[in-house]
Structures are given as C-alpha cells and as structure tokens.
Amino acid sequence: MTRDAGPGTTPPGPSPRVGAGEEVLADLVRRSAEGDQQAFAALYDAVAPRAYGLALRVVRDPDLAADVTQEALLDAWRGAAGFRPERGSVTGWVCSITHRRAVDLVRSTQSRRDRELRAGAASFGREHDDVAEAVADAEDRRRVVDCLGTLTALEQEAVTAAYYGGLTYREVADRLGAKLATVKSRMRTGLRRLLDCLGVE
C-alpha cells in the first residue's frame, strides 16, 4: 500500500489518473471502500501529487512531506467508507486529511523542541543549584569547625574521633587514655554544646 508520493517518481500500478474528474475519483473512493486495491492505486496516483504539494507547504521538508502524504492516503484508504460526496470533493477530502496530518506533525515537532528546551533549561538550573549547594555545604563546614572550637579539648577530641574518625566510644576512650564513662559523658556534653552553637534544636 506504500507508494512514493514525491515528485519525479514513477510508482508501480495502474496508470496515473491525475486530473481525473470528480465523478471518477468518487467512484475510485467507493471501490476503495470495498477493498479494491487497484482502484485505490489509481486514486492515489490522481491525488497524491496535490496532497504532497500541500504537505510540503506546511512541513517544508520533502521527506517529511512524503511521509505525511503516505499517512494521509493511508487514512483515506481506511476511511474511504466514510467519504460522503455530497459534503465535498474527493480532492478536498484528501487535502483536508493531509493538512490535518501535516499540522499534527508540525505541532508534535514543536512540542518535542519545547520539551527539549525545557529539559535543557532545567538542566542548566540544576548546574546552578549544584554551585549554590556547594557554597552552602562549605558554609556549613565552616560553621561546624567554628563551633568545634568552642568545646573543651577533651570534648573536641572525643567528638572529632567518633564522628570524623569513625571510632567507637571504646576506641575513643583507648585513644584518649580516658575512662569509657568519661568519654560518653564528654561526648554528650560536647554534642549538646555543638548543636546549641549551630542553632539546631
């Protein structure tokens, strides 16, 4: 059912009927609706050049125009039974389908471009957020270092060894040569003072 709708081609099948009268075209549509593929081939040859020209004016790309024409005439094949000659000409009917297909393609292409632009803008925003986040992290680190400086030497060593060195209470006690209970007490006191200094409740 696929035929080349582009210019300068010689599709296989029955002789082209470009310029066929409206009654002939209507008969081809009627026979196409009954499944007559030869009739549809003749219809295709008669209306495809005009449909292609219309599609090309809308999408402005010869390959896309050929695709639109193929899809539009496939729609015409599928919907041939619904054609009503009293509502308009066959050529007008096919051109209407082609125009709708072409506009849909343009809209979907524009939507895809808009989505890509939004994704690009969002990605740019994330990079900006990464910088802001890095600055905030650096500020947080500076505040923690400043607050560690407000602790006693034993509190500071205990907290630093446990939270930055990854040592257990027992390992901290061994390292500092202090009793385990003393280390736990200093850790609690040191952490409370550290949280107060940082303004954390």
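1. Negative patch. D130, E133, D137 and D140 come together on the surface as a patch of negative charge. Patch members have over 30% relative accessible area and no salt bridge, with like charges joined within 9 Å and nonpolar side chains (Val, Leu, Ile, Met, Phe, Trp, Tyr) within 5 Å. The charge is placed at NZ of Lys, CZ of Arg, CG of Asp or CD of Glu. D130 belongs to helix α4 (residues 90–148).

2. Basis of the values. The model is predicted: local features need pLDDT of at least 70 and side-chain atom pairs count only at pLDDT 80 or more, while totals for chains, interfaces and linings use all residues. Residues are numbered from 1 along each chain as its sequence is written, and side-chain values use heavy atoms, with hydrogens and water left out.

3. Overall content. Helices (H or I, at least four residues) and strands (E, at least two) are DSSP runs numbered from the N terminus. Of the 201 residues in the chain, 30% are buried. Buried stands for under 20% relative accessible area, exposed for over 50%, and partly exposed for values in between (1.4 Å probe, protein chains only). The areas themselves come from the Shrake-Rupley method with a 1.4 Å probe, and for residues only the protein chains shown count as cover.

4. Positive patch. A surface patch of positive charge is made up of R170, K184, R188 and R192. Helix α7 (residues 180–198) is the element that gives the most to this patch, with three residues. K184 lies in helix α7 and is partly exposed, its relative accessible area being 32%.

5. S185 and E155. Helix α7 also holds S185, which is partly exposed at a relative accessible area of 24%. S185 and E155 are separated by 30 residues in sequence, and their C-alpha atoms are 9.0 Å apart in space.

6. Disulfide. A search of the whole structure turns up one disulfide, defined as a pair of cysteine sulfur atoms within 2.5 Å. A disulfide is a covalent bond between the sulfur atoms of two cysteines. Here C147 and C197 are the partners, with their sulfur atoms 2.0 Å apart. The angle about the S-S bond is -75°, and the link of C147 and C197 is left-handed. C147 lies in helix α4 and C197 in helix α7, so the pair ties together parts that are 50 residues apart in sequence.

7. Burial of the cysteines. C147 counts as buried, at 5% relative accessibility, whereas C197 counts as partly exposed, at 35%. Another cysteine, C95, is buried with a relative accessible area of 18%.

8. The whole structure contains 11 salt bridges, a salt bridge being a side-chain nitrogen of Lys or Arg within 4 Å of a carboxyl oxygen of Asp or Glu. Side chains of opposite charge can pair when their charged atoms come close. One of the bridges joins the side chains of D27 and R31 (3.5 Å, N to O). Both residues lie in helix α1 (residues 22–33), four residues apart, about one turn of the helix. D27 is partly exposed at a relative accessible area of 29%, and R31 is partly exposed at 28%. A network of salt bridges links D27, R30, R31, E34 and D36.

9. Salt bridges of R101. E71 forms a salt bridge with R101, their closest N and O atoms being 3.9 Å apart. E71 lies in helix α3 (residues 62–78) and R101 in helix α4, so this pair ties together parts that are 30 residues apart in sequence. E71 counts as partly exposed at 35% relative accessibility, and R101 counts as partly exposed at 28%. The side chains of D75 and R101 also meet in a salt bridge (2.7 Å, N to O). That pair links distant parts of the chain, with D75 in helix α3 and R101 in helix α4, 26 residues apart. D75 counts as buried, at 18% relative accessibility.

Notes:
Lys and Arg count as positive and Asp and Glu as negative; His and the chain ends are not counted.
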